Amino acid sequence: MTEKALRLGTRRSKLAMAQSGQVADAVSQVTGRPVELVEITTYGDTSREHLAQIGGTGVFVAALRDALLQGEVDFAVHSLKDLPTAQHEGLLVAAVPEREDPRDVVVARDARKLTDLPRGARIGTGAPRRMAQLNAYARTHGMEFETVPIRGNVDTRIGYVRSGELDAVVLAAAGLNRVGRIDEVTDFLSVDTVLPAPGQGALAIECAADNASLIAALAELDDPFTRAAVTAERSLLAALEAGCSAPVGALADLLADGQIVKEMRLRGVVGTTDGSTLVQLSTTGPVPETHEAALALGRELATEMLAQGAAGLMGERAQ
């Protein structure tokens with residue numbers, strides 16, 4: 001008798017289906033059980049409003065979590081940057097697989113790089129974080145951009161460039177990698193230019209907190225370095241009391257001495273969307289050995305950023 005298939009809850013977008021398909025294959029290998037994808041439509045997928053107006057990226061997660069709690073699916077795959085920082089009662093992130101490229105990328109007309117864009121170029125992005133950093137970059141490099149708020153899937157966003165409506169759009173490298181369109185990128189943005197969203201490029205595999213056998217199986221897909229890094233980044237976001245739609249960038253990376261990883265550096269940025277004011281700081285410490293140590297790294301940097309005025313740059317504080 002073949003074992004019952006595990007049900008993986010996923011959003012219906014091409015990107016979500018691609019990343020869920022990759023996770024399904026990996027879960028099938030570690031459990032020896034077939035995995036079927038269960039498509040779930042979330043409010044974030046159907047609403048045409050801007051993300052900041054409909055409650056930030058948590059709107060993509062709620063329907064998947066409801067399906068998990070009601071037992072309609074066994075586990076779900078989220079883009080980690082969409083996951084609210086607060087732990088959800090009854091659910092557990094059982095695995096954070098190895099992270100994809102965390103950088104942001106430009107897809108521009110005429111294969112241009114960011115520095116080649118014409119004066120007054122219109123750049124599309126849905127993220128206040130990207131707007132703040134792109135506008136700050138333009139100010140310090142004597143360039144002029146107009147950042148235009150956009151929504152939609154990868155096809156829609158790149159379509160604005162192909163149709164000539166926009167000169168460029170900024171997207172996450174990881175998403176384009178996962179849908180096989182990385183060759184359309186015209187520029188990879190250095191993290192010194194634009195820090196990614198906390199958790200960008202990483203996935204979270206979530207299941208019911210009481211499903212011990214599934215938790216044990218999924219744990220095999222966990223990458224401890226990725227988990228430590230994204231835990232520190234999300235701790236920074238939470239300590240700034242900022243939601244997923246706030247203009248906060250963060251990246252924790254490992255500093256190696258030859259082959260030996262010695263330290264973790266956490267960088268954070270928060271700014272006004274016009275780029276006129278940025279608070280950008282970093283801290284370096286031993287690689288966190290525990291969840292608590294990773295949380296502490298994020299909180300420590302957030303405290304320093306708040307002391308330098310970060311709170312006033314985020315618009316409405318989350319209540």
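Which residue forms a salt bridge with Arg 11, and how far apart are the closest N and O atoms?

1. Arg 11 pairs with Asp 82, the closest N and O atoms being 3.6 Å apart, where a salt bridge is a side-chain nitrogen of Lys or Arg within 4 Å of a carboxyl oxygen of Asp or Glu. Because Arg 11 lies in the loop between β1 (6–10) and α1 (14–31) and Asp 82 in the loop between β3 (75–79) and β4 (91–95), the pair ties together parts that are 71 residues apart in sequence. Both Arg 11 and Asp 82 are buried (under 20% relative accessible area, with exposed meaning over 50% and partly exposed in between; 1.4 Å probe, protein chains only).

2. The model is predicted, so that local features need pLDDT of at least 70 and side-chain atom pairs count only at pLDDT 80 or more, while totals for chains, interfaces and linings use all residues. Residues are numbered from 1 along each chain as its sequence is written, and side-chain values use heavy atoms, with hydrogens and water left out.

3. A salt bridge also joins Arg 130 to Asp 104, at 2.8 Å from N to O. It links distant parts of the chain, with Arg 130 in helix α4 (residues 128–140) and Asp 104 in strand β5 (residues 104–108), 26 residues apart (helices, H or I, at least four residues, and strands, E, at least two, are DSSP runs numbered from the N terminus).

4. In the salt bridge between Asp 192 and Arg 267, the closest N and O atoms are 2.9 Å apart. Asp 192 is exposed, with a relative accessible area of 58%, whereas Arg 267 is buried at 13%.
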